[in-house]
Amino acid sequence: MKAVQLVAWHSDPALVEVDVPTAGPGQVVLKVAGAGLCHSDLHLLHDFANGMFPWGPPFTLGHENSGWVHQVGAGVEGLSIGQPVAVFGPWGCGHCAACDRGQDTYCHAPTDSYGSAFGGGLGVDGGQAEFMLVPDARFLVPIPDALDPVAAAPLTDAGLTPYHAVKMSLPKLMPGSTALCIGVGGLGHMGVQFIKALSSANIIAMDLKDEALALATACGADLTIRGDAEDAVAQVKEATGGRGADVVIDFVGLDATLAQAAACAKVQGDMTIVGVGGGSFPMSLFSPPYECNVRSIYWGTRSELGEVLALAAKGLITPEYSTYSLDQALDAYAAMEAGKLKGRAVIVP
Ligand SMILES: [Zn+2]
Ligand SMILES: [Zn+2]
C-alpha cells in the first residue's frame, strides 16, 4: 500500500510502498478515512535529530487519524468491522495513574509503550496510508453517526488540543468575560468555536492574515485584530475596559505572540501556550499580571476526544479543512509549509 513516510531526519516526506499491517492480539487495523497534517509535522521533518528521542525514522506520518475498523486481533471486543472510529493519538502504557485518567499525554512510564514512541505518526506508523495499525483498541473512540469520519480526523488533534485548553479555562469564561485567541490556523479556528460553543465570553482573535481573521469571524469571533498592528495590544485593552483578556490562548508560540499574550492577559487571568513555535518570553513579578496562571498544554484526554466528537456531531463546531489524496500529500505538505492552507489539510486515501 502507499504511505507518506519520514524516511530520515531533516528530510521532506516521501510517498513510499509498504506492507499492509495485520492486527496482533488486542490490536486493530483501520481502513483510513482521514489523516490530518499538523504544523508540528514540520518540526518533526526539519528540527528533530538523532538522539532527541528514543525513536526515529522511518515511519508513516499522520497523528490525526480516523477510519473504519478493518481487522481486529484476538481479544478485541466491542468493535464491529466497518465501524467508524477516531484514533486517540497519544499512546501511553495504559497502566499508570495518568493513563488511568485517559491522560496518556503525561504517561508515567512512556518507555514501556510502543517502543517509547509518542503515538502513531510520532515514532511509529501513523495514518497517512491506506491502512493503519492501532496497537490497542483502547485508543479508538466511536464516531457518532451524524459526523463524517473524514471530518473526525482533524478533530483528534486540531480539535482535541484547543478543546483541552478551553476546557481548563472554562471557570474564567463567565458571561461578560473576554477570551483572546492568538493565531487562527488549524487549531486556533477550532479554539474560537469551542469558546463560542461552551461559553458566552466575548471572543477576540488575532492573526497576521486577513483571511485568517475572516475565518475567525465566521467561527464566531466578536472582534478581530491584526497581530502586526502597532497598537494590537492597545486594541485588546480598549476592548476590555483597560483590564485585558480573562483568558489568552497562544496557538502560535513565537517570541512575538508570547509577548503579546503576556501583555494582553488580565490580573488573575489565564495564559495558555498551545503553539509549538519554539519562542519564549520574559516573566517577572509584573508580567504577566498578578496571579495570572501561565501554562503550556499538550494534546487532551481520551474522554475529551469523545466530547469533541459529540460537539461536532451536534453541529456546534465544524473543522475547516481541504482534502488531498495520498498522491497529493507532498503538495499538501508544501502548501502547509508555505502558509497557504485555510484550516487543516486532510489526506483521504
Ligand atoms: Zn499535531
Ligand atoms: Zn501510562
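This is a short talk on the fold of one protein chain, taken from a predicted model.

Let's start with the whole chain. The secondary structure comes to nine helices and 18 strands. Along the principal axes, the C-alpha trace spans about 60 × 40 × 35 Å. How does the radius of gyration compare with a compact globule? For 349 residues, such a globule would have a value near 20 Å, and this chain has 20 Å, so the two agree. Buried residues make up 51% of the 349 residues. Now the contacts. Take those between residues at least 6 apart in sequence: 69% of them join residues at least 24 apart.

Next, the domains. The assignment gives domain 1 as 2-142 + 319-347, and domain 2 as 160-296. Their centres, taken over C-alpha atoms, are separated by 29 Å. Eight residues from domain 1 and six residues from domain 2 make the contact. Which element gives the most on the domain 1 side? That is helix α1, residues 39-46, with three residues. By class, this side of domain 1 has one nonpolar, four polar and three charged residues.

Stay with α1 for a moment. Its buried residues are His39, Asp41 and Leu44. They pack against β1, residues 2-6, and α9, residues 329-337.

That β1 strand leads us to a sheet. It is an open sheet of three strands, in the order β2-β1-β4, with antiparallel pairing. β2 (14-17) and β4 (59-60) stand at the edges. Each has a single partner strand, so one side of each is left without a neighbour in the sheet. β1 and β4 pair over two bridges, in the antiparallel sense. Look at leucine 6: it stands opposite phenylalanine 59 in β4.

β12 pairs with β11, residues 178-182, in the parallel sense over five bridges. Threonine 178 stands opposite asparagine 202 in β12. Between these two strands the chain crosses through helix α4, residues 188-198, and this β-α-β crossover is right-handed.

β12 also pairs with β13, residues 223-226. That pairing is parallel too, over four bridges. Here the bridge partner of methionine 206 is isoleucine 225 in β13.

The buried residues are Gly188, His189, Met190, Gly191, Val192, Gln193, Phe194 and Ile195. What covers them?

Now two loop positions. The first topic is serine 177, in the loop between α3 (149-168) and β11. Why does serine 177 count as partly exposed? There are 19 other C-beta atoms within 10 Å, and buried would take 20 or more. Leaving out residues up to four places away in sequence, serine 177 touches Lys172, Ala201 and Asp246. For a distance across the model, take glutamate 77. It lies 100 residues from serine 177 along the chain, and their C-alpha atoms are separated by 45 Å.

Then glycine 279. Where is it? In the loop between β15 (265-273) and β16 (293-296). With 16 C-beta neighbours inside 10 Å, glycine 279 counts as partly exposed. Which residues is glycine 279 in contact with, leaving aside neighbours within four places in sequence? Gly253, Leu254, Asp255, Thr257 and Leu258. Alanine 256 is 23 residues from glycine 279 along the chain, and the C-alpha atoms of the two are separated by 7.9 Å.

To recap. The model is predicted. There are two assigned domains, 2-142 + 319-347 and 160-296. The β2-β1-β4 sheet, by contrast, has antiparallel pairing.

Definitions and conventions:
Residues are numbered from 1 along each chain as its sequence is written. Chains are lettered from A and ligands numbered from 1 in the order in which they are written. This is a predicted model: local features need pLDDT of at least 70, side-chain atom pairs count only at pLDDT 80 or more; totals for chains, interfaces and linings use all residues. The radius of gyration is taken over C-alpha atoms; the globule rule is 2.2 Å times the number of residues to the power 0.38. A residue is buried if 20 or more other C-beta atoms lie within 10 Å of its own, exposed if 12 or fewer, and partly exposed in between; C-beta atoms are placed from the backbone. Two residues are in contact if their C-beta atoms, placed from the backbone, lie within 7 Å. Two strands pair if DSSP finds at least two bridges between them. A crossover is right-handed if, with the strands pointing away from the viewer, the path from the first strand over the helix to the second runs clockwise. Domain bounds come from an automatic or database domain assignment. Ala, Val, Leu, Ile, Met, Phe, Trp, Tyr, Cys and Pro count as nonpolar, Asp, Glu, Lys and Arg as charged, and the others, Gly among them, as polar.
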